[in-house]
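Here is a short briefing on charged side-chain pairs. Look over the sequence and the structure first.

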Amino acid sequence: MGEPHIRLVDVVKQFPNSQSLAVDHLNLEIEEGETAVLVGPSGCGKTTTMKMINRLVEPTSGQIYVDGRDVMEQDPVQLRRGIGYVIQTIGLMPHRTIAQNIATVPELLGWEDSRVKSRVTELAGMLELSIELLSRYPSELSGGQRQRVGVARALAADPPVMLMDEPFGAVDPIVRARLQDQFLDIQDRLRKTIVFVTHDIDEAIKMADRIAILNVGGILEQYDSPKEILRNPANDFVREFLGSERGLKRLALIKVSEIEVEEGPVVAPGEPVQKAFEVMESSGSTWTSVVEDGELLGWVDRQALEGKARVSDAPAQKFSAFVTADSSLREALDSLITSETQVAAVVWEGQRYRGVLNLERISREILA
Amino acid sequence: MILAQSTEEPFFRPEWVGRNLDRIWEQLVEHAYLTGLAIAIGLLISIPAGVFAYRHRRAYPPITWFAGFLYTIPSLALFAFLTAYTGLTTLTAEIGLVSYTLLILIRNVVAGLEGVPPDTREAARGMGYTSRQMLWRVELPLAFPVILAGIRVATVTIIGLVTVTSLIGKGGLGAFILQGIQRFFSTPIVVGAVLSVLLAVAADLGLLGLQRVLTPWSREKKWA
């Protein structure tokens with residue numbers, strides 16, 4: 001990977017008139033195109049850490065490199081114009097229209113009017129802000145719309161690095177989930193290097209490529225991928241911070257397609273019943289899936305096949321639990337539990353049969 | 001009392017107005033000019049002083065104390081005192097008038113700057129505004145409605161006060177009032193007083209209209 005995009009080396013911050021450290025010898029490397037989420041209880045220095053990257057807060061000691069260059073050796077104004085910045089309260093300019101708000105940094109950088117205009121239109125489209133909103137003032141927008149304007153404004157000059165301080169904190173949970181999904185989509189395409197601050201561990205798990213869990217006093221407890229942190233918390237603090245349902249949270253991150261799925265008992269409808277009995281025998285079950293040319297038709301059991309000639313003579317029952325390959329194990333577990341069945345059929349691209357999934361297979365994944 | 005003594009004289013003589021239209025217009029223009037000049041100079045002093053007081057909080061009490069001191073000096077005494085140094089000039093009139101604008105204007109400049117939402121300020125800094133750009137493009141525009149409210153109060157106050165400068169040979173419409181008092185003649189007093197009031201009302205409405213035009217963003221809802 002080479003040089004990380006953002007690198008913090010032994011960074012310390014002590015505020016004047018304060019005995020204790022806000023950030024304590026923090027070392028952190030953030031790779032290009034990754035989203036690193038800083039998470040922790042209040043007083044853990046997560047926002048302070050973020051603000052040191054664009055020099056809104058100056059470190060007491062240590063170095064911060066962005067793109068290999070020490071931020072302390074750069075002009076803070078120029079540095080900030082090259083870094084996207086979103087805060088929880090958004091801080092839109094009440095006296096400027098939405099279009100003018102989005103155009104803030106391009107204007108500071110002296111872009112030509114036509115270029116600014118087309119960029120604003122492009123961003124409005126990307127964030128699903130309708131064009132007629134562009135001529136309104138911030139006070140006329142809903143909370144969710146304002147948050148999206150805040151993100152659009154931070155993206156305006158296409159900065160490689162974005163700092164986001166609880167960017168979806170000020171809206172209700174439903175709108176927040178939508179904004180998160182939308183932003184994940186955008187990030188999928190843009191691959192910015194993002195430092196994202198939140199106090200909400202679920203948001204961190206959802207948004208992060210890597211999570212930095214900070215403790216009070218700015219101590220880094222663990223820095224790893226969400227899956228790894230959930231699987232293997234470094235200590236009691238992390239375990240407690242992750243909260244209950246750690247296993248379930250991890251299942252939410254694993255896709256069905258990522259694990260090996262057992263094929264399970266399978267017969268074709270045209271085959272003789274005898275063949276179906278053999279399949280059940282060898283897999284130790286009392287039923288078998290019926291699959292024709294890769295297409296799942298349903299299942300039949302021993303009782304239904306008794307006295308029939310071919311598998312197709314018995315009506316195939318529908319599976320009551322289905323999961324698709326790109327659903328998460330948590331969703332798979334949920335459909336197993338709610339359909340009160342032992343086994344879910346795994347399908348992809350509609351009804352293409354992939355295999356079966358049962359509680360035992362999922363619990364093996366929890367223990368992995 | 002004066003009016004009661006002039007028994008044969010009617011309270012108001014319309015023909016006097018007809019004969020003096022040119023002078024009335026001249027004095028009205030002078031009145032507006034003296035007021036406008038005082039407000040303009042007052043702003044030129046108050047905006048830097050207010051910005052300074054806002055940025056250096058310790059300077060705020062002495063600045064308002066001084067402006068408040070000027071405000072409390074009786075206007076008659078101030079003009080009499082200044083005449084000894086600067087004579088019967090427009091300069092004398094303006095020094096006095098400007099003094100009375102400062103307290104109102106400086107307070108409103110500071111209050112306006114204090115009203116700028118802190119998150120807007122933080123976002124602006126985070127996006128790379130220099131402090132000068134911050135002042136001119138963010139802080140002063142957002143403080144403008146409050147500053148303008150101060151300008152309205154100051155303007156109405158000064159329009160009333162300009163009449164007093166008639167004592168030093170200026171005074172705009174105040175010249176008619178003085179003339180009426182000296183000659184026991186009520187018509188010019190009525191003309192001077194009524195036009196002065198009308199000028200104040202017109203200026204106030206005009207400034208309100210100006211605010212509507214210049215701050216379309218504050219017309220609907222207040223920002224949170």
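D209(A) is partly exposed, with a relative accessible area of 29%. Its salt-bridge partner is R191(A), at 3.7 Å from N to O. This is a predicted model. Across all chains, the count comes to 23 salt bridges.

**The D209(A) and R191(A) pair**
- The two residues sit 18 residues apart and link distant parts of chain A.
- D209(A) lies in the loop between α8 (201-207) and β9 (210-215).
- R191(A) lies in the loop between α7 (173-190) and β8 (193-198).
- R191(A) is partly exposed too, because its relative accessible area of 39% falls between the 20% and 50% cut-offs.
- Shared partners join D188(A), R191(A) and D209(A) into one network of salt bridges.

**The E262(A) and R364(A) pair**
- E262(A) forms a salt bridge with R364(A), and the closest N and O atoms are 3.4 Å apart.
- The pair links distant parts of chain A, 102 residues apart.
- E262(A) is in the loop between α11 (246-251) and β11 (266-267), while R364(A) is in helix α15 (residues 359-367).
- E262(A) is partly exposed at 37% relative accessibility.
- R364(A) is partly exposed as well, with a relative accessible area of 45%.

**The R121(B) and E139(B) pair**
- In chain B, the side chains of R121(B) and E139(B) meet in a salt bridge of 2.3 Å, N to O.
- R121(B) lies in helix α7 (residues 118-126) and E139(B) in helix α8 (residues 131-162), so the pair ties together parts 18 residues apart in sequence.
- Both R121(B) and E139(B) are buried.

Methods: Residues are numbered from 1 along each chain as its sequence is written. Chains are lettered from A and ligands numbered from 1 in the order in which they are written. This is a predicted model: local features need pLDDT of at least 70, side-chain atom pairs count only at pLDDT 80 or more; totals for chains, interfaces and linings use all residues. Side-chain values use heavy atoms; hydrogens and water are left out. A salt bridge is a side-chain nitrogen of Lys or Arg within 4 Å of a carboxyl oxygen of Asp or Glu. Helices (H or I, at least four residues) and strands (E, at least two) are DSSP runs, numbered from the N terminus. Buried means under 20% relative accessible area, exposed over 50%, partly exposed in between (1.4 Å probe, protein chains only).
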